[in-house]
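User: Could you take a close look at one helix-on-helix contact in this model and tell me what surrounds it? Keep it chatty, please.

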Amino acid sequence: MKFTLKVWRQKNAQEQGSFVTYEVFGISEDMSFLEMLDVLNEDLTLKGEEPVAFAHDCREGICGTCGLFINGRAHGPLTGTTTCQLHIRHFKDGETITIEPWRAKAFPVIKDLVVDRSAFDRILQAGGFVSVNVGSAPEANGILVPKKNADEAFDTAACIGCGACVAACKNASAILFVSAKVSHLSLLPQGKPERRTRVLNMVKTMDEEGFGNCTNTGACEVECPKGITLASIARLRREYCKAKIKG
Ligand code: SF4
Ligand code: FES
């Protein structure tokens, strides 16, 4: 298969970027999207040109580093799929594919398709943890957790911090990410002692980092590769209100 790729190239956060068009040939439908970029980079390197910078690590949908805006969609055309798990068979031979980095003030471009997502790390440092000493692994039935809570905590813990929710949101809001982190900890007994300070500190840091406000458009839920839902945002709001009222 062959493709025309319109790729965002940008030297660094200070300089302006622009789209550069490349042709790639001999692409197998079984390749992943990132493997197609590997082929492009090999071609560019052999020609003595600068390869396209893009972020990746696990290539298994786990680490959350690979996010790209592909044809106007965060992580491309499939739902529930990270960029690294997207395969070429979902594109038409000869198609033009536009590839951009996440666009958000809080995620400045480092180079080409790589953005700085350390704002997420700082939000996690503000409260995305449990600091009680839990000792060694307890007996499985020692702390009983209702199945509904365990299931919901597990579902929200699936967030990989990829930032697609921010990229998809017209306000560049990080509320889906923060709500997933607040949810999975506040639903479990180990997370309850710090639930008040956690939600207040994480929301405060989110605002300080320059993310936009949520206006309930729901694009985040549609583009989240891990199925985090708006119910998580509702839970965050309840947690926040309770924390504020308790003072
Ligand atoms: S909520 Fe979904 S889209 Fe947002 S960072 Fe987590 S996994 Fe990515
Ligand atoms: S490279 Fe790890 S989620 Fe895609």
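Analyst: A quick definition to begin with: a crossing is left-handed if the near helix is turned anticlockwise from the far one by less than a right angle, and right-handed if clockwise. Helices here are DSSP runs (H or I, at least four residues), numbered from the N terminus. This is a predicted model, where local features need pLDDT of at least 70 and side-chain atom pairs count only at pLDDT 80 or more, while totals for chains, interfaces and linings use all residues. Residues are numbered from 1 along each chain as its sequence is written, with chains lettered from A and ligands numbered from 1 in the order in which they are written.

Now the contact itself. Helix 3 (residues 147-156) and helix 5 have axes that come within 8 Å and cross at roughly 145°, and the crossing is left-handed. Axes are lines fitted to C-alpha atoms, for helices over the stretch in contact, with angles running from 0 to 180 degrees between N-to-C directions. On the helix 3 side you'll find Glu-152, Ala-153 and Thr-156, facing Ala-180, Ser-183 and His-184 of helix 5. Contact means that C-beta atoms, placed from the backbone, lie within 7 Å. Sorted by class, that's two nonpolar, three polar and one charged residues. For the classes, Ala, Val, Leu, Ile, Met, Phe, Trp, Tyr, Cys and Pro are nonpolar, Asp, Glu, Lys and Arg charged, and the others, Gly among them, polar.

Next, look at Ser-232, which sits in helix 8. Leaving out residues up to four places away in sequence, Ser-232 touches Thr-156, Leu-176, Ser-179, Ala-180 and Ser-183. Ser-232 counts as buried because it has 26 other C-beta atoms within 10 Å; the cut-off is 20 or more, with 12 or fewer for exposed and partly exposed in between.

Leu-176 takes us into the largest nonpolar core, where it is among the residues touching the most other members, along with Cys-165, Val-166, Ala-174 and Val-178. Such a core is a set of buried Ala, Val, Leu, Ile, Met, Phe, Trp, Tyr and Cys residues joined through C-beta atoms within 7 Å. Helix 5 (175-186) is one of the helices supplying at least two residues, and its seven are the largest share. Domain 1 (3-111) and domain 2 (118-246) both contribute, so the core lies between them; those bounds come from an automatic or database domain assignment.

Methods:
Two residues are in contact if their C-beta atoms, placed from the backbone, lie within 7 Å.
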